[in-house]
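Me: I have a structure open and want to go through it with you. Let's begin at the ligand.

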Amino acid sequence: MLEVTDLRSAYGRILALKGVSLRVETGEITALVGGNGAGKTTLLRCLSGVQPVAAGRIAFHGEDITAWPAHRRVAAGIAQSPEGRQVFGPLGVEDNLRLGAFRRGRAEAEVGLDRVYDMFPVLRDKRALPAAGLSGGQQQMLAIGRALMSQPRLLLLDEPSMGLAPVLVDQILDAVVALRRAGVTVLLVEQNASAALAIADRGYVMETGHIAHGGTGAALLEDPAVREAYLGL
Ligand code: ATP
């Protein structure tokens, strides 16, 4: 579905991506793990089109989208749920969700709402309340739900478990598995490397701007070098 080839991106003189190549296969969960500052968020931002690419290529379903603006990528089926959730606090839960469907018609938005509420029933119960009143885990569900409202084929999830208690981390990762079951392909960035690789079909380990290891989730979990350096095992 997605093929990234030798991608480079910089903040001024700081080269954050130094030639990243990876693939995301249709229907799979692909985990991207690695330490702070490795470049994971920068890569997702390049994929959604909000971070300039200095060199390299991004292909989506075989089409070169490297130069496409972000809105065109959303229309083509790529959605990002950003790090830190970034829900609109004073707005109601349902209004936050509707923002994710602003390019879709009213009927499609209604279908999207039903789908999100079926996946996260607590959001249906709280749909009229301001998003700021939700717990951290519920706000994360809202951020994922908002991204789902554009009916993406590829969902880019940036650190969905950040700042959540362990029981909520499990709930969020269960939701990611449910998304795969529903036919959404997921590229999952996580600090919580063991948990992410455990649910992933495929994974990549990033280290200071490049991919250091790649393989199936199971193989990476077994790899002694990965276990020692990244999983603390
Ligand atoms: P984290 O898990 O901490 O979010 P990450 O793997 O997502 O880390 P990035 O946020 O992509 O890493 O950062 C990659 C590199 O780019 C780091 O060296 C970081 O300091 C640098 N960087 C990120 N954002 C900016 C920015 N807005 N301006 C300058 N440098 C930046």
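**Ligand contacts and a few loops**

Reply: In this predicted model, a polar backbone atom of Thr41 sits 2.8 Å from an oxygen atom of the ligand.

Me: How much of the ligand does the protein bury?

Reply: The protein buries 62% of the 630 Å² that the ligand exposes when taken alone.

Me: Which side chains have a polar atom 2.8 Å from a ligand oxygen?

Reply: Lys40 has a polar side-chain atom at 2.8 Å from an oxygen atom of the ligand. Gln191 has a side-chain N or O atom at 2.8 Å from a ligand oxygen atom.

Me: And which residues come nearest overall?

Reply: Gly37, Lys40, Thr41, Thr42 and Gln191, out of 13 residues around the ligand.

Me: Which element gives the largest share of that shell?

Reply: Helix H1, residues 40-48, with three residues.

Me: Switching to backbone: which phi value does His61 have?

Reply: His61 has a positive phi of about 50°, and it is not a glycine. Most residues other than glycine have a negative phi. His61 lies in the loop between strands S4 (55-60) and S5 (63-64).

Me: Where is Gln151, and how does its accessibility class come out?

Reply: Gln151 is in the loop between helix H6 (136-148) and strand S7 (154-158). It counts as partly exposed because its relative accessibility is 28%, and buried would need under 20%. Gln151 also has a positive phi of about 50°.

Me: Last one: which residues make the nonpolar surface patch?

Reply: Phe88, Leu91 and Leu99, covering about 250 Å².

Notes:
Residues are numbered from 1 along each chain as its sequence is written. This is a predicted model: local features need pLDDT of at least 70, side-chain atom pairs count only at pLDDT 80 or more; totals for chains, interfaces and linings use all residues. Side-chain values use heavy atoms; hydrogens and water are left out. Helices (H or I, at least four residues) and strands (E, at least two) are DSSP runs, numbered from the N terminus. Buried means under 20% relative accessible area, exposed over 50%, partly exposed in between (1.4 Å probe, protein chains only). Patches are made of residues with over 30% relative accessible area and no salt bridge: like charges are joined within 9 Å, nonpolar side chains (Val, Leu, Ile, Met, Phe, Trp, Tyr) within 5 Å. Accessible areas come from the Shrake-Rupley method with a 1.4 Å probe; for residues, only the protein chains shown count as cover. A salt bridge is a side-chain nitrogen of Lys or Arg within 4 Å of a carboxyl oxygen of Asp or Glu. A residue is near a molecule or strand if one of its heavy atoms lies within 4 Å of it. A polar contact is a pair of N or O atoms within 3.5 Å; within protein, one must be able to donate a hydrogen and the other to accept it, and residues adjacent in sequence count only if both atoms are side-chain atoms.
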